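Open the model in your viewer and keep the selection panel at hand. The stops below go from a sheet to a helix pair to a chain interface.

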Amino acid sequence: MIDFLLEIGFEEFPPNFLVRAAKSLTDQIETLLKQKKIFYRSLRTIYTPRRMGVLVLGLSRRQKPQVVEIPGPPKRFAYDAKGKATEKLTGFMKANNLKSNEIISKRTKKGDYVYGRKEITGASTENILRDSVPSIISNLEFPRTMVWNDKRVRFPRPIRWIVALLDRKPLRFEYAGVQANRYSWPNQHFSFKPIRLEKPREYMNFLRHGGVIVDPNERKKIILTRIRQAAVKSTGKPIYTNDMIEEINCTTEYPEVVTGNFDQRYMVLPKEVLMTVLRAHGNVIWIRDTNEYVYVFSAKKKALQNVKIGYERVMESRLNDAHFFYQNDIKTGLQKMLAQTKGMTWLEGLGTLYEKAVRLQNMVEAFASVSGVDMEELKRAAILCKADLLSEMVREKEFTSLQGIMGGHYARSGGERDGVADAIGEHYLPRFVGDRLPKTLGGALLSIADKIDNVVGAFLSGNRPSGSNDPLAVRRSGYAVIQLVDAFDIHLDLSGMINAMLKIYRRKIEDGVLPEFFAERLARYLQDKGYRYDEIKAVLASWNGDVADAKKRCEALKSFRGSAEFVKLVIGQKRVRNILKNVKAAMVVDTELVAETAEKALVKMGGKIRPNLDAMIRSKDYPEVLKLLLEMRPAIDKFFDDVLVMCDDKKLRENRLAIVSTINDLFLKFADFSQIVIEGERT
Amino acid sequence: MKKLHTFENVIINLKQFWQKQGCLLFEPYNSEVGAGTFNPATFLRILDKNLWNVCYLEISKRPRDGRYAKNPLRFQQFYQCQVIMKPAPNDIQQIYLESLEHLGIKLREHEIRFVEDDWESPTLGAWGLGWEVWLDGLEVTQFTYFQQAGGVDLQIIPVEITYGLERITMVLQGVQSVFDVKWNNALTWGYVYRQNEIEYSRYNFETAPVDTLSALFVTYEKEANRLFDEGLVYPGYDNTVKCSHLFNMLEARGAISISERAKYIGRVRALANKAAKLYLKKSDEQANVSDD
């Protein structure tokens, strides 16, 4: 049994894709060992900001021997009557380099056959690793890479060393101009001298002495414990997320913590501002509602005092800046900033930010019928919501992400009503997929209006999304509109809202383009909600612009699709679709021409069901709609069994097509069933 | 007694250090720049295939960063020490850390963090990958492997190391504000620059004439284009740099809207791209001549 260590050393790696890269490296090594049938006892992923690798313990020296069976001639031709090998057999043995003790016979379906059975010794683990590791490294994928020397190999940051040690022996290979060897490098705060490794088992301890905890799990535990210990003396609790801890883990080799304070006078700053300042400084964790924070650093403990002084100095400068902006902004007030929005272009050709706000104010009129809405507050929020883009705070790069939030604070401090401030504060939400939604109805409605304006504006200004190109990220806006309309259960017709917006712009867009855009967003949304693509397609074929309604229809389809009856119904509708494929104009059924029993029955059934169906669709009772449609199936089946639609008589044929078409229209009121994919069917 | 690391000594020590690394000691540019990258000793010299190691002081002017001398760390003008090594040596990160030790920063007593920073100068059409280097949380250096400049992929990858000299000295002297940094044994940075900061903050934010600046931008842009058409790289590039500074001034005055901003940047970048292409064309021609 031997051990293997692979460590790729580099200059500080981007923390947001380190974990993924390290795991991919481990996975590939693991797959290689399994594929090549090399046994190992344990495998451990290693990463720090300056290295990634794997430590494999208890490897076999060689691949497991492989048994190969080569089929030969039938047994009866292989041996003569005396049981001696024939020429056929000796020829087979020669061709395959087989000895006589490697010949066996086997009973197969076709009779007894001779086989050559060989045991092939496996290749050495050393050769396999040496040959495969470079290509495994080059197979790693990253979102962003660079070149740094004349080898022009791409990697996120320069590779500076590679340890590839199989027991006591380094594997000889070169990658990106670096020769693999047995030398690793310590934490630079500890030493500049390389660490010589005799064997992989020394790795974790030797590196620990060099100021590097190479095991990410161990490091994470240390980080969490240290943060908790540091916060114990404080009155508040540290606020952090798992993502933050993971990021800290990816930026520290040797975690130590220190607590720091900032001046009490900065406690007047909004919580979001405090957190933005602290978060901008990487591994800083705020202790909620206090002027204290914990900082996780990656150096010698001796550095603690300098780090504390250093951080307090930086925080003082940043908070001083934020405080300066905040006070100036409050002095200026939203009303004055609003006046300045008249001079700030929003989008080329679509006017100023002020004009946008005026559009939003008009747009929100469409929400007057939404229950619980305070129109006076909503309209006030609409006109003020973009003013904070002119504030000193939001204009500063570091705080741009606080757009809206600052507007909310400035509205409140300027004496606006809470409903106004809340709506302004929340009107950008959700900003990205998975972001939180507004809490207030006002925030949601203003967000919907703003996003519809973004979408319509993009389409009017030559910024339409196409392919992978979406210059103003309006697909996200469109999706958010759907999400909000559904979450707040707002029964508003989306196409109506789009038209209202176009009217405000006094501009036109080709028919169908925007409804199609929103239908695509809705399809995506419903897929994310767990509906199948065919269900969504079926429902959207009959979509009227109401988001909640589309969801209800999908739900009904989903709950019925398992039943055998439903499957038959879908198959029937597919037949209908095929028959009607070439029918262009709508036709009227001539009752005089309805002769056969099955024909009469179907026409009668259709007439009977129609009023009930309309009523149920009006009351959105979709399970009942489906039940009703299912009731029609026997009559439809009978019709197709007994009546020849495509008969020679033109009049009869057209009348029968008309019957099929009217029945189909009934189904289409709910959904296009022919879109549903039936198990086993090829699409 | 503890040795005092004066501001001027830090500058001298850094230059000595990089001189020993084989860098040519250059001097600052003669027109306003936002960073040492704009100096032709960086922007133009990194484009060709020739070896180029250089170190120089640069006076960086960033009109928007003025704070009327009221912020301990922010000001509209500061000193940079700019180092370019082309090609970048394999152990450049360690050399950099040694330069800090050479200045008196003991790595055992401080934390140096390399914080991911994908550097980009949209006006120069340049980008690279690297880090901001934080010394006890304070950004003291920008460390970048350039990948592209003037819209051109670089054939040989240079490293750019840009030190913020006031900040490093502040840490060395253990003071909380740049204004308290001792320039020499008698005078402080604040004594030398406080009034300058206050007056320039006023000028940049309040009284710089927007119409004049806009008109100057157009003039210099025209001049740069004319010079490029005549095949004059350096004079054309000097005018490009002036446009860049005028744009920074207009921005500080809040005179540029979001969409106009992109247009201004595009206009400066177009000039920078012309300079880069012309420089490369001329250096190819020269290479051919010397080959003959």
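This tour of a predicted model says what to select at each stop and what is found there.

**Stop 1: the sheet.** Select the five strands of the open sheet in chain A, in the order β2-β3-β1-β7-β8. The pairing is antiparallel. Now pick out β2 (42-48) and β8 (169-170) of chain A. These strands stand at the edges with a single partner strand each, so one side of each has no neighbour in the sheet.

For one of the partners, click A:Phe4: its bridge partner in β3(A) is A:Val56.

**Stop 2: a helix pair.** Select α12 (residues 375-384) and α16 (residues 441-460) of chain A. Their axes come within 10 Å and cross at roughly 50°. The two helices are therefore oblique to each other. The crossing is right-handed.

Show side chains at the contact. From α12(A) come A:Glu377, A:Leu378, A:Ala381 and A:Ala382; from α16(A) come A:Gly442, A:Leu445, A:Leu446 and A:Ala449. By class, six are nonpolar, one is polar and one is charged.

**Stop 3: the interface.** Bring up both chains. Here 35 residues of chain A contact 33 residues of chain B. Highlight helix α9 (residues 304-332) of chain A: its ten residues are the largest share of chain A's side. That side has 14 nonpolar, eleven polar and ten charged residues.

How values were computed
Residues numbered from 1 in each chain as written. Chains lettered and ligands numbered in written order. Predicted model: local features only at pLDDT ≥ 70, side-chain atom pairs only at ≥ 80, totals over all residues. Axes fitted to C-alpha atoms, helices over the stretch in contact; angles between N-to-C directions. Helix = DSSP H or I, 4+ residues; strand = E, 2+ residues; numbered from the N terminus. Parallel < 35°, antiparallel > 145°, perpendicular 65-115°, else oblique. Left-handed = near helix turned anticlockwise from the far one by under 90°. Contact = placed C-beta atoms within 7 Å. Nonpolar A, V, L, I, M, F, W, Y, C, P; charged D, E, K, R; others polar. Pairing = 2+ DSSP bridges.
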